[in-house]
Amino acid sequence: MKEMIKKQKELFYQKLREVNDINSLEALRLDFLSKKGQISALMKELSKIPNEKKKEYGQMINSFKQELSDQFEGRKEEILNLQEKLMIENTESYDESLPTKNPCGSYHPITLVQRELEDIFESMGFDVEDYNEIVDDYHCFEALNIPRFHPARDMQDTYYLTTPNQLLKSHTSAAQNAILRKYGPALKESGRPIRAVFPGRCFRNEAIDASHENTFFQMEGIMVDKDISISNLIFFMKTMLSEVFGREVTVRLRPGFFPFVEPGFELDIKCLICGGEGCSSCKNSGWLELCPCGMIHPNVLKHGGINSEEDPFEYTGFAFGLGLTRLAMMKYGVRDIRAFNSGDLGTLSQFVSR
Ligand code: FA5
């Protein structure tokens, strides 16, 4: 019996060495491990030997069977790995320098316009500042000369939080007081003018249409120094617009009321979608309100700690609140403001800053 098992083992290993593919491995497995295979034949031989030897030989056959199973599994894995390697070497050639099929991310058009504007203003000596999206009533309204119950609050239908006095920023002007307080000391001590822009996301409970969103971006800017006048304001607005559009654009300045500026203006841009003919983007008026602005109201400068009671006009300044989302519409020819918050990559990934 021992001799028979030894011979079968030798035969098995000899045949296993010759096996190179999965089909012949399977044939070998059936030859040894199937019901009619060599192991079953050895088991049948077991019935012919004396009882006292049956246990010993039975264990030998079983451990041989286990050895075969392990060998089959090992060889199967080797063959599959080899096949995969050959497939990669022979058929799966690839060129590392080709562009990937996975599309790369791109900047949102508003981010592109915002960064371009930041560069323009930085080149004119402005600091770029950031501010919270949740603000309090004082910064959003009171510090801007809009006391509680003043009708001007109705101009912005605001999202109030359940926490008392807290709201989602309805305009970037809410940061004016913090900026005045931050840069005021340097203005007074070393005469460094306050020049800052502060972009941010704004929220209003708007009736949404092609040019109104409930979540949109503005970029606020202020400049405060001695003898700042409307001429300075107009100069900076013109420079900013011609830089960002890369050409002259037609604008108009008309009186506008905002409690935090005096005098106040509306700066409109001739609609670049229809060329002033009238379309849904400009509500058929040919013009789009883009950048209200004006001379900072003395009360705002007082709240910001800039001027004293004794000399309320020692320093003067201008402020503007550019509609960044609308600017992106005009710059990129986007007819409907809703495209910006749509998450539609087909639309949003096609813009590149010049
Ligand atoms: C303001 O928010 C003032 N804080 C701006 C300001 C700053 C005036 C400093 C004077 C001095 P207004 O509500 O008009 O003003 O908004 C300013 C600009 O933001 C608008 O001209 C427009 O371009 C944009 N804007 C306003 N509401 C929306 C909206 N719902 N969707 C998209 N853009 C809007």
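Colleague: Before we start, what is a pocket, and which residues count as lining?
Modeller: A pocket is an open set of points on a 1 Å grid over the protein atoms alone, with protein on both sides within 12 Å along at least five of seven lines; its lining residues have an atom within 4 Å of a point. Please keep in mind that this is a predicted model.

Colleague: Then which residues lie nearest the centre of the second largest pocket?
Modeller: They are Cys282, Trp287, Leu288, Glu289 and Arg326, out of 13 residues that line the second largest pocket. The space in that pocket comes to about 170 Å³.

Colleague: Which element gives the largest share of that lining?
Modeller: Strand 8 does, with three residues. Strand 8 spans 287–289, and strand 6 (251–255) also supplies at least two residues of the lining.

Colleague: And what is the lining of the second largest pocket like by class?
Modeller: Six of its residues are charged, four are polar and three are nonpolar.

Colleague: Moving on, what takes up the space of the largest pocket?
Modeller: The ligand takes up that space. The volume of the largest pocket is about 710 Å³.

Colleague: How many residues line the largest pocket?
Modeller: There are 36, and those nearest the centre are Arg204, Gln218, Phe258, Glu289 and Pro292. Two or more lining residues come from each of strand 5, strand 7 (261–270), strand 9 (293–296), strand 10 and helix 10 (324–332). Strand 10 gives the most, with five residues. By class, 15 residues of the lining are nonpolar, 12 are polar and nine are charged.

Colleague: Which residues come nearest to the ligand itself?
Modeller: His171, Ser173, Arg204, Glu213 and Gln218 do, among the 24 residues around the ligand. Of the elements, strand 10 contributes the largest share of this shell, four residues. Strand 5 (215–225) supplies at least two residues as well, and strand 10 itself covers 316–323.

Colleague: How many residues of that shell are nonpolar, polar and charged?
Modeller: The shell around the ligand has 10 nonpolar residues, eight polar ones and six charged ones.

Colleague: What lies 2.7 Å from a nitrogen atom of the ligand?
Modeller: That is a polar side-chain atom of Ser173. An N or O atom in the side chain of Glu206 is 3.0 Å from a nitrogen atom of the ligand. At Leu290 the polar atom belongs to the backbone, and it lies 3.4 Å from an oxygen atom of the ligand. The ligand on its own has 670 Å² of accessible area, and the protein covers 95% of it.

Colleague: A change of topic: which residues does a cis peptide bond join?
Modeller: The cis bond joins Glu262 and Pro263, with omega about 0°. Pro263 is placed in strand 7.

Colleague: Which residue other than glycine has a positive phi?
Modeller: Asn145 has one, with phi near 65°. You will find Asn145 in the loop between helix 6 (137–140) and strand 3 (166–168).

Colleague: Why point these two out, given what most residues and most peptide bonds do?
Modeller: Because most peptide bonds are trans, and most residues other than glycine have a negative phi.

Methods
Residues numbered from 1 in each chain as written. Predicted model: local features only at pLDDT ≥ 70, side-chain atom pairs only at ≥ 80, totals over all residues. Heavy atoms only, no water. Near = heavy atom within 4 Å. Polar contact = N/O pair within 3.5 Å; in protein donor to acceptor, adjacent residues only side chain to side chain. Areas by Shrake-Rupley, 256 points an atom, 1.4 Å probe, with all protein chains shown as cover. 1 Å grid on protein atoms, 1.4 Å probe; cavity = no way out; pocket = protein on both sides within 12 Å on 5 of 7 lines; lining within 4 Å. Sits in = over half its atoms within 2 Å of the grid points. Nonpolar A, V, L, I, M, F, W, Y, C, P; charged D, E, K, R; others polar. Points joined across faces, edges and corners; volume = space filled by probe spheres on them.
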